[in-house]
Amino acid sequence: MSEPEALPGDQLYRIAWIFYLFLAIGGALWVGAQNGTIRLELFVDPRGWWLDLGIGVAAGGVLLALWQAGLRLLPSASALEQRLGEMLRGIDPPEVIALALLSGFAEELFFRGAVQGAWGWPLATLLFALLHVGPGAAFRSWTLFAA
């Protein structure tokens, strides 16, 4: 079975922006409906933001190290990196950064803020992993890594 034809980078970029904007808005509405309000503390702890930032940077470093190990040990990780690179071809580096920031914000708001707050972390993790199922075998490692 052949791999599905990839969208051009600029088209993928526009679709991703629309998807993540709807995901963020849906998460914000869900949190607001659950709590009656959307407080600043949902996004940042005014007293301990520096600790959250440090933990986030450290966790990001650990994930990057795990990914680098995966690239050396798992052929599927290299195949995934190549496929993602092909999908993003034609998108400028600032657009890639903007998309990464928007997707991270939208996914955190929806999955950690809304889904996890309503149904717990196991279901939020499962749904988050399922969001990262892609076309073809190369994307299996992405789904596993997302979980």
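1. A residue counts as buried under 20% relative accessible area, as exposed over 50%, and as partly exposed in between. Tyr13, with a relative accessible area of 16%, is therefore buried. Trp17 stands at 26% relative accessibility, so this residue counts as partly exposed. Please keep in mind that this is a predicted model.

2. On the overall fold: the chain has six helices and zero strands, and its elements read α-α-α-α-α-α from the N terminus on. Taken along the principal axes, the C-alpha atoms fill a box of roughly 50 × 30 × 30 Å. Of the 147 residues, 27% count as buried. Among contacts between residues at least 6 apart in sequence, 70% join residues at least 24 apart.

3. How many aromatic pairs are there, if ring centres must lie within 6.5 Å? The count comes to seven. One of them joins Tyr13 and Trp17, whose ring centres are 6.3 Å apart; their planes stand at 70°, so the pair is edge-to-face. The cut-off for that label is an angle over 60 degrees. Both residues belong to helix H1 (residues 9–35), where Tyr13 and Trp17 are four residues apart, about one turn of the helix.

4. Phe111 and Phe128 make another edge-to-face aromatic pair, with 5.4 Å from centre to centre and 80° between the planes. Which helices does this pair connect? Phe111 is in helix H4 (residues 93–119) and Phe128 is in helix H5 (residues 121–131), so the pair ties together parts that are 17 residues apart in sequence. Phe111 has 8% relative accessibility and counts as buried. The two rings also belong to one aromatic cluster, made up of Trp30, Phe110, Phe111, Trp119 and Phe128.

5. Trp121 deserves a separate remark. This residue is placed in helix H5. Is Trp121 buried or exposed? Its relative accessible area is 59%, and since the limit for exposed is over 50%, Trp121 is exposed. Between Trp121 and Phe111 there are 8.7 Å in space, C-alpha to C-alpha, and the two are ten residues apart in sequence.

6. Ala118 is a residue of helix H4. At 34% relative accessibility, Ala118 counts as partly exposed. Which residues does Ala118 touch, leaving out those up to four places away in sequence? They are Trp30 and Gln34. Ala118 and Gln34 are 84 residues apart in sequence, yet their C-alpha atoms are 7.9 Å apart in space. Trp30 is also a member of the aromatic cluster described in point 4.

7. The structure holds one salt bridge. Glu108 forms this bridge with Arg112, and the closest N and O atoms are 2.5 Å apart. Both residues lie in helix H4, four residues apart, about one turn of the helix. Glu108 has a relative accessible area of 40% and is partly exposed.

8. Ser103 counts as buried, at 14% relative accessibility.

9. A nonpolar surface patch of about 1200 Å² is made by Ile38, Leu40, Leu42, Phe43, Val44, Trp49, Trp50, Leu51, Leu53, Ile55, Val57 and Phe105. Which helix gives the most to the nonpolar patch? Helix H2 (residues 49–73) does, with six residues.

10. Val44, one of the residues in that patch, is found in the loop between H1 and H2. Its relative accessible area is 32%, which makes Val44 partly exposed. Patch residues need over 30% relative accessible area, so Val44 passes that limit at 32%.

Methods. Residues numbered from 1 in each chain as written. Predicted model: local features only at pLDDT ≥ 70, side-chain atom pairs only at ≥ 80, totals over all residues. Heavy atoms only, no water. Phe/Tyr/Trp six-rings, centres within 6.5 Å; stacked < 30°, edge-to-face > 60°. Helix = DSSP H or I, 4+ residues; strand = E, 2+ residues; numbered from the N terminus. Buried < 20%, exposed > 50% of the residue type's maximum accessible area, 1.4 Å probe, protein only. Salt bridge = Lys/Arg side-chain N within 4 Å of Asp/Glu carboxyl O. Patch = residues over 30% accessible without salt bridge, like charges linked within 9 Å, V, L, I, M, F, W, Y side chains within 5 Å. Areas by Shrake-Rupley, 256 points an atom, 1.4 Å probe, with all protein chains shown as cover. Contact = heavy atoms within 4.5 Å.
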